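Subject: Structure handover

Hello,

Here is the structure I promised to pass on. My notes follow below it.

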Amino acid sequence: MAKRSLILAGGGLKVAFQAGVLQVWLDEAGLAFDHADGASGGCFNLAMYCQGMSGAAMADNWRNLNPFLPVGLNLDPPGGLGYADSLFTYDNFRNKVLPFWGIDFSKINSSSKLGTFNLLNYSKKRLEVITQQQLTEDRLIASVSLPMWFPPVVIDGDRYIDAVYISDANVEEAIRRGADEIWAIWTVSTRDEWRPGFVAQYFHIIETVADTNFFTIWRRLEANNARIAAGEAGEFGRHIELRLLQAEVPLHYLFNLSRDRFAEAVNLGVETARAWCAEHGIPRPNPGPAIVPKPPSAVTRLEFTEEMKGHAAQGAADFAAGNRDGRAAGSHLNVRLTIKVDDIDRFSTDPGHAARIEGTVDSPLVGGRTAVERGEFNLFVHDADPSRKEMRYRMLVRGPGGPMTIAGLKRVAHDHGTVDVWEDTTTLFVTLYRGDVDSAGEAAAEVIARGIIRIGFLDFLQQLTTFRAEGPTLAARAAAMARFGALFLGKLWDVYGGDLVAPGGTSGGRS
């Protein structure tokens with residue numbers, strides 16, 4: 001019987017995504033593991049796993065976590081702030097989060113699930129690996145105590161800290177314990193992006209160390225398997241099946257001010273794991289429900305209206321040409337759209353951030369003014385890179401020749417060393433297709449026209465007055481507006497945040 005190891009790598013708060021993956025792997029796919037290893041933030045999920053929690057219970061612990069609970073400021077450092085052991089403490093985490101999650105160390109210690117936790121013994125300068133039988137509250141806190149941010153934990157006279165600088169995923173431990181299969185979840189960013197500022201570069205250092213160590217051993221395993229397949233003696237003496245689920249997670253390693261962002265990261269983990277299982281032929285005999293539950297009877301809705309104006313032309317090779325040729329020919333394309341969020345909870349926590357579109361389109365390309373028959377809007381979704389977002393519009397209208405689809409895209413990305421948030425969030429690149437076309441059918445669809453439409457400054461000011469919330473109470477309506485605003489600004493911060501706090505508002509960008 002093949003021995004299977006689960007690697008719960010670190011990633012700070014990004015391991016909320018990891019919990020979503022576990023909801024799928026453990027509950028839906030029914031995977032069982034002979035051994036699981038955790039490092040840094042992954043130790044939180046490993047503790048819950050060893051305790052016997054289901055994947056859904058672990059995921060819900062993250063979905064429902066109040067982002068203001070985990071840490072507290074170190075307000076009374078001996079010798080003053082410049083000589084403090086840390087900027088923060090884990091007192092709140094000990095007293096509030098662990099009880100909220102239902103962590104029970106007696107259950108973990110007596111668990112039949114073999115788990116290994118990685119800690120760095122700073123006093124002796126060595127990595128120490130303990131099993132679930134040896135886990136204590138102090139050792140769990142030590143496993144995630146990043147230097148400078150959190151103080152070391154003293155255990156039996158030695159100082160312990162997060163092992164991330166030595167190992168953010170102890171694959172060697174899985175090999176040592178005889179794993180024939182290694183299943184790993186990796187959330188540390190591998191993007192080639194350099195951001196200014198101390199905080200960003202602190203985590204760039206962690207990315208450098210963590211990625212280098214993990215992918216070095218992973219490549220050694222791949223080389224081992226290739227040699228064995230060729231009839232040679234591999235480094236590890238046996239073929240070891242490798243299963244890696246890797247993702248760029250739209251959540252900061254340490255800072256998060258929104259419960260919705262936790263839920264979104266978990267739900268993205270669920271979505272990604274389901275797609276990953278399908279791609280790799282992993283059956284899910286217990287398929288789970290939709291990642292966002294059915295709306296309750298008393299939902300809170302929100303809507304706003306925006307106007308965009310511009311030009312488009314038939315036969316244009318690209319958007320700029322369509323805008324230019326359409327302007328010259330007087331082929332305008334104007335829209336007045338109402339974005340309707342039918343359930344703010346669903347909208348805020350679903351990674352697709354989908355809403356309905358109602359409104360009108362005015363253009364000679366569609367035969368004049370016509371109503372949108374069906375439309376969908378997606379706010380700030382990302383594909384593979386969380387620092388690049390898209391606002392997507394898709395509308396079905398009926399023109400002189402029958403149904404037509406208008407697909408629009410706002411590209412929100414920081415590419416040129418300047419903060420171009422206004423241009424990115426107000427410029428819609430538009431393609432008109434013949435027929436009722438979904439995103440998967442665009443490549444084969446007939447393109448009628450392309451162009452560009454924009455929100456003018458005065459129209460933007462008018463748009464701000466159109467926000468409306470509908471809900472059971474005044475508090476619910478106010479909360480809906482606040483949640484939408486937090487989502488919008490938080491996603492902008494993902495893209496531009498490092499540059500907005502940098503001197504001069506510029507960035508080194510990609511290098």
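What pLDDT does the protein chain average, and what share of the residues score at least 70? The average is 91, and 93% of the residues reach at least 70. pLDDT is the predictor's confidence in each residue, from 0 to 100.

Two ground rules. This is a predicted model, in which local features need pLDDT of at least 70 and side-chain atom pairs count only at pLDDT 80 or more, while totals for chains, interfaces and linings use all residues. Residues are numbered from 1 along each chain as its sequence is written, and side-chain values use heavy atoms, with hydrogens and water left out.

One stretch needs care. Over residues 500-511, pLDDT stays under 50. The model has 23 contacts (heavy atoms within 4.5 Å) for that stretch beyond four places in sequence. Where pLDDT is low, the predicted coordinates should not be read in detail.

Now the cores. A nonpolar core is a set of buried Ala, Val, Leu, Ile, Met, Phe, Trp, Tyr and Cys residues joined through side-chain atoms within 4.5 Å. Buried means under 20% relative accessible area, exposed over 50%, and partly exposed in between (1.4 Å probe, protein chains only). The largest core has 94 residues. W25, W62, W101, F117, I182 and L221 have the most contacts inside it. Another core, of 41 residues, lies apart from it, and includes L333, V372, M395 and L428. Beyond its neighbours within four places in sequence, F117 touches several residues, among them C43, L46, V129, I130 and L135.

Next, the surface. W422, F457, L458, L461 and L464 form a nonpolar patch with about 540 Å² of accessible area together. Patches are made of residues with over 30% relative accessible area and no salt bridge; like charges are joined within 9 Å, nonpolar side chains (Val, Leu, Ile, Met, Phe, Trp, Tyr) within 5 Å. Areas come from the Shrake-Rupley method with a 1.4 Å probe; for residues, only the protein chains shown count as cover. Helix 13 (residues 457-464) gives the largest share of the patch, four residues. Helices (H or I, at least four residues) and strands (E, at least two) are DSSP runs, numbered from the N terminus. L458 lies in helix 13 and is exposed, because its relative accessible area is 67%.

D260 pairs with R483, the closest N and O atoms being 2.7 Å apart. D260 is in helix 9 (residues 259-279) and R483 in helix 14 (residues 474-500), 223 residues apart. D260 is buried at 12% relative accessibility, and R483 is partly exposed at 22%. K389 pairs with D494 at 3.4 Å between the closest N and O atoms. K389 sits in strand 16 (residues 389-399) and D494 in helix 14, 105 residues apart. K389 counts as buried, at 2%. R261, E264, K389, K491 and D494 are linked in a network of salt bridges.

Last, two backbone angles. Most residues other than glycine have a negative phi. H353 has a positive phi of about 40 degrees. H353 is in the loop between helix 11 (344-349) and strand 13 (354-363), and is buried at 0% relative accessibility. F380 has a positive phi near 50 degrees. F380 belongs to strand 15 (residues 374-381) and is buried at 1%.

Best wishes

Notes:
A salt bridge is a side-chain nitrogen of Lys or Arg within 4 Å of a carboxyl oxygen of Asp or Glu.
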